[in-house]
Every structure is written in structure tokens, then in C-alpha cells.
Amino acid sequence: MTRLFNEPSDFADEMIDGFVAANQRWVRRVHGGVVRATRSAPGRVALVVGGGSGHYPAFGGLVGQGLAHGAALGNLFASPSWQQVRSVARSAHTGGGVLLSYGNYAGDVLNFDQAQAKLVAEGIETRSVAVTDDISSASLAEKHRRRGIAGDLTVFKTAAAASDAGYPLDEVVRVAEKANERTRSFGVAFSGCSLPGAAEPLFTVPEGRMAVGMGIHGEPGIGETDVPTANELAELLVTSLLAELPEGVEEARGQRVAVLLNGLGSVKYEELFVVYARVDQMLRDAGLVVVEPEVGELVTSFDMAGVSLTLFWLDDELEGFWAAPADAPAYKKGSIEAADRIDPVELEALAAESIPPASAESQAAARVVHATLVAVKTAIDDNADELGRIDAVAGDGDHGIGMQRGVTAAVAAADVALAGGAGAGTLLDLAGDAWSDRAGGTSGALWGSALASLGAALTDDAAPTRHSVVAGVAAATDAILEFGATVGDKTMVDVLVPFSTALGSAVEAGGDLPTAWAAAAETAVEAAAATADLLPKMGRARPHAEKSLGTPDAGATSLGLITRTVARVLDEHASVHRAS
């Protein structure tokens, strides 16, 4: 378990503060993560990597000369928000464009894609490459769905070396995509991992058993077997990887491969070396030429006891980039000439948000919205542990923490907006932006979009009407549907769509807003409970769909909870007006 922490919700921020303080030679803090502390050559492609915290040395430990130019660091096991990614990319950019690279997880894809769109709109040429090396997470026919694990390092390392060689953005992207296509990983776990403050691990493995095909966020494995000997484990890993050769590699014999044997948190280096001895022998017996192997902790998962093996199938170009020198806090290779350090002056000025003028009616509505957000925060705080428990059944268990971080940030932003005289539209927009930025992950992106869409419908010009609220909820629904989920996928969409429909129908039938919302909220709660009968088709739970059968979706459950909380606030507000 994770023993050393203060307030669990502050763990990621405090960890990053300590990491930067201990590694000022290599990195400096910016909003959203870290960037190199040394100057990069003007006009070079900036490689910005990232993902959730809890995987050190990924991702901050891989920032430095010869490796990433910056890393966006999300909450524990949650993707960074698009605002974080954009901030880090802006700080790392030197005029040659930006390559974003990250593990292929739903939240990361949503937020990095949104950051890319924002950067391009601002005139910064930006591309993305998602790492998909884990062969256990999807079939070869659906390899685009595979998640990224320790193979992140091979993609990041070669892309960075291509940038250092002066390759333009299109060519750096080509190298990164080729490295990803030629990287394969496979892992096992002997025990689960625990988030700070959690009473139980995200998943458990029976004593004497081994989960096969686990993921770095604590996703359960695709199978289970008795714990093997070190040699037997090496044979499982090597045999599994050699059974799937990359496209263009006709046979293994004679090929050159870089090898990564990765410890996931609590397997000791001595154990890894025992396993690697047999890995190396088997690869050489198969006729492979092993090039500059790496054995150690490369991508971890807190205290998980586990191991993964990665084979990186080289060609002449990739081998040269793999062998290129690098100097980062957690990864060093060869000899590299130290670049000049940037003067450690705060380079980002936080501009005060300007609050546009609003009508008195909209300001009054903003006070109701603020009260609603405060009530939602209380409800989420009271249910965070249960939301995390539900999420851990087939996911990574971070939904409760992520929702807490998001709604807390939203309330703080709403406090400032309300004090500045904001209307309902601006207050919702700023709250949504803060929710997305602070929560990160898939739910952060979804809730940020939902609140912004609702705010756009309410505006700052007039008092909201029941019809404008219906239009706002419909717009929020449309915005979330654009992320790709549909009804039946076991997501919050299974609640949002029937809620929006029920609300619209009740208002069209002549119901006032509090009554219509209350009826629609009960529809939402019933729909959330019904997700227990569904199998997930998106996100981290998808590879372990059967494990979630009988348990409702965490995102759907939190949405049902929120709609019912809002109904109570609307009823209380209406009661006050009726009494007056």
C-alpha cells in the first residue's frame, strides 16, 4: 500500500513539487506539468508527453536532453486536462511545431486531441501519436485499441532523437509512428496497487496466483495462473511476444531488437535480473540480436508487484535513434553536451480572468448556479469512496477522486466569478474550464464540455427560462456524444440521453423547471442503476467487460446523483420564491 502521504487529493501536486525540487538541473515547473530546464535549439520539434501521475519515471522523469521537451502530468491514474497539455506545449514550443505522445487511453485521447485542436487554432503546428504496444489489451485486428504501457519509452526516445537530429515535424511523426508499429509489450501482476488513502487495493490477485495481461492502471488481467518460476515467467513473456511479429518482419531470426524488462513498482531489481537472464538466452536462441537492453523501472504503477517485457524491432534508422545519448532525471544514455540552463524566473504570468458584464437577472441566476455547484460538491464528497469502489470493479478506481477534484475546482472558480459579478453563462463556462483542468481524465473533459455548453445556452444577458435550460442540457448532451460514446456503451451517456429527453418532454408538456427537472432526475437515477446490466464498450473497463456485469457504471452513477442534487436545489429555490 501507499503509506506516505498527507491529504490524498493533494498527493499528485505535492509529488510533482518534490520531483521538481529534486531535479532542478533537468526540469522546471509550468502550469500542467514540467518542461526542460535547459534551452532547446530554436526551430526544433518539441516532444510533449504525458499521462496520469503514479507511473514514475513516466512521465516527468523522461524530460531532458535527448528525451521529451515537456510532460503534462495529470492526477493519479487520470489524464491531464487539455488545458494542462496546451500549457506545457506552449512552454516547450520553440518554433518547430509540437508532437504530442501518450498512452492510448480514452481520457488521454480526449484531452490531448482537444489540446491539439486548441494549439493548431493558435497557430502552433501540432500532431499526435498514441502508443499502442500492449498486445493483451486488444487483438491484432483491433491494435488501434491497444493501450500504451512500457513501450511508451521506445516511441518517446526515438521521436526525441529525431527532433534532435533536426527532422521536421512530419518526419518526427513518421519516426514515432514507425517506432510504435514496431513495439510490442506484455505484462503480468502478482498483486494490485493502492492509491494514497485508499483502504483497499484497486484489485487483488489470490495468493500464489498471477494475473496475466494486466495494465498499468491496475486493470485486471485477461487470465490467471499459478505463480511461475523466474524462468517460466521469462518463457511466457518471450513466447507471447514472438507469436506476433510487426508488419514487415517476416521472421524473427536475424532481426535486431531492443529489449525492455520493466518492473511495475515492487518487484526488485535483483528479481528482474534473474528473469532477464532467461529472456536474453531465449531471444538469442531464437536468432535475435539484442541491442542495448534496459532492465529496471521504466513505467510503474505505484506499489504493484508486476513485470512487463517489451520488444522493439529495430531497423537502421530506429537503432540509431535508440542508441542516441539522453540525459533526463530517470533515464541516461551515453554522453551528452550540457545545454545552457534557462534562468529560473517564473515564465508564466497568470492573467486575471476578465468577467464580462451581465444583466441583473443573469447575475441572480448565477447565484442559484453557484448554490447548485456547492450542493453538488457536498454530494460528491459524501459519495466519493463509493464512486471509487464502483469504478475499481473493472476500471482504475479514480472516478471518485477525479470528480472531487473537478467539482472542488469548479466551486472555487464559481466563487471568483460570483464575486466579480458574473452572469450565469460566464460562471458556468469558468466552472467548466476549472473542472476540466483540475480533474483531468475522461470525466474532466466531459464535465468541462457539459458545463460550457450549458453556460452558452443560458448566456449573461437575461434570466434563464425553462426552455433555455432544456436547450442547454440538449447542447451538453450533443457535446458529450461527440466524444464517441452511444447509449448502450455503459457510460454517463446512458443516463444523460434519457435525462435530456425526459426533461424536454416534461417542459413541453407545460411543467415548471423544478418539477420537470425532478421527474427527469428520477429517470436519470433509474437509468444509472440499469447500467449494471450492460457490458462496457469504451474506456479502460472494456477489456474486462464481464467483471463489471452487475455493477453500475461510475460515471452514470455520479451523473444520476448530480441530477437529483440539482433537483433539490431548484425545489428549495422555488420554495423560497413561493414563500416570498
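Let me start with tyrosine 56: its relative accessible area is 37%, so it is partly exposed, meaning between the cut-offs of under 20% for buried and over 50% for exposed, with a 1.4 Å probe and protein chains only. Quick housekeeping: this is a predicted model, where local features need pLDDT of at least 70, side-chain atom pairs count only at pLDDT 80 or more, and totals for chains, interfaces and linings use all residues. Residues are numbered from 1 along each chain as its sequence is written, and side-chain values use heavy atoms, with hydrogens and water left out.

Now, how many aromatic pairs does the structure hold? Ten, counting Phe, Tyr and Trp rings (the six-membered one for Trp) with centres within 6.5 Å; planes under 30 degrees apart are stacked, over 60 edge-to-face, and the rest tilted. Tyrosine 56 pairs with phenylalanine 19: the centres are 5.6 Å apart and the planes at 65°, so that's edge-to-face. Phenylalanine 19, at 9% relative accessibility, counts as buried.

Next up, phenylalanine 499 and tryptophan 517. Their ring centres lie 5.0 Å apart with planes at 70°, so this pair is edge-to-face too. Both phenylalanine 499 and tryptophan 517 are buried.

There's also a cluster, with ring pairs linking Phe11, Phe77 and Phe302.

Last, charges over rings (NZ of Lys or CZ of Arg within 6 Å of the ring centre and within 35 degrees of the ring normal). Lysine 118 puts its charged end over the ring of tryptophan 82, 4.8 Å from the centre, and lysine 333 has its charged end over tryptophan 322's ring, 4.1 Å from the centre.
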